[in-house]
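Keep the sequence and the model open beside you as you work.

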Amino acid sequence: MTFDPVATAGLMTREVRTGSRDGTPTKIAIARRTYPASQADLWDAVTSADRIPRWFLPVSGELKVGGRYQLEGNAGGIVERCDEPRSFAVTWEFGGMVTWLQVTLAPDGQGTRLELAHEAHVDPGMWEQFGPGAVGVGWDLGLMGLGLHLESGAQVDPATAVTFPASPEGVQFIRRSAAGWAEAAVGDGDEPGAAREAAERTVTFYTVPPGS
C-alpha cells in the first residue's frame, strides 16, 4: 500500500483550548484520531510496556497508578490515574518542566477513537515562536507510528522513524500537521498571520537537521 503523507496527517483532528492550573494559564493541545482497532487492542497498544516500544519509544518503570515511568531519551513522569480501558492520565516531565497528558479511548463506528490532550503552562516566548505545533507535530508523528503498528502488528523501524521527518514524505506530513495546529490555534483566538508564521518555524524545527 502506498503511504500518502498528506492523507495520513489528515486523519487527525486538532483542537487548542485555553485552560488554567493552580491559577496559572495553560494551553491544551488536543489530537483525535479513529483507528480501525478494537478498544481492547488499542488500549493494550498504548499502555503495554511490551507494545509501546513498537510504535513509540522503549519505556521502563511501573506502569500503574502511583508508579513512575521513563521513556528512553524523552519524558518521564507519574501515572496519576487509570480507568481501563477508557482513559489514563500521567505527568509529562522533560527538561525540568512538568506538563500533563491524558489519553481517552471511546468506540467510534467499527473502530476506536483516541483523544490525546497535552496541557502545559504557557511560555509566551515559546508560544509566539512555535505555537501548539511544537508539541502537536510530535504527537502527530507518534500517533502516525501507532497507526502503522496497528495496521501491521509489526514494530515501526526505529531508524526509519529518525530519518522520516527530513524525507520528502516527512516534510509533507509535517507541513500538513503544522498547518492543522496553526488553524486550531486560530480557532482558540490566536492571530491568523502570527499562528501561520509560527507553523512555518515549527516545520523548519522538525525537518531541518541541526547545523544544516
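**Exercise 1.** In which sense do β4 and strand β5 pair, and over how many bridges?

*Solution.* Start by finding strand β5 at residues 76-83; strands are DSSP runs of E with at least two residues, numbered from the N terminus. Two strands pair if DSSP finds at least two bridges between them. Here β4 and β5 pair in the antiparallel sense over 3 bridges. Next, look across from Tyr69: Gly77 in β5 stands opposite. Finally, the hairpin of β4 and β5 has 4 residues between the strands, and Gly73 takes a positive phi near 70 degrees there.

This is a predicted model, in which local features need pLDDT of at least 70 and side-chain atom pairs count only at pLDDT 80 or more, while totals for chains, interfaces and linings use all residues. Residues are numbered from 1 along each chain as its sequence is written, and side-chain values use heavy atoms, with hydrogens and water left out.

**Exercise 2.** Which residue of β4 is the bridge partner of Val59?

*Solution.* Strand β3 covers residues 59-61 and pairs with β4 in the antiparallel sense over 3 bridges. The partner of Val59 is Leu71. Between these strands the hairpin has 6 residues, and Gly66 takes a positive phi near 90 degrees.

**Exercise 3.** Which side chains of strand β4 are buried?

*Solution.* Buried means under 20% relative accessible area, with a 1.4 Å probe and protein chains only. Walk along residues 68-71, where the side chains alternate. Tyr69 and Leu71 point to one face and are buried.

Note on methods. Buried means under 20% relative accessible area, exposed over 50%, partly exposed in between (1.4 Å probe, protein chains only).
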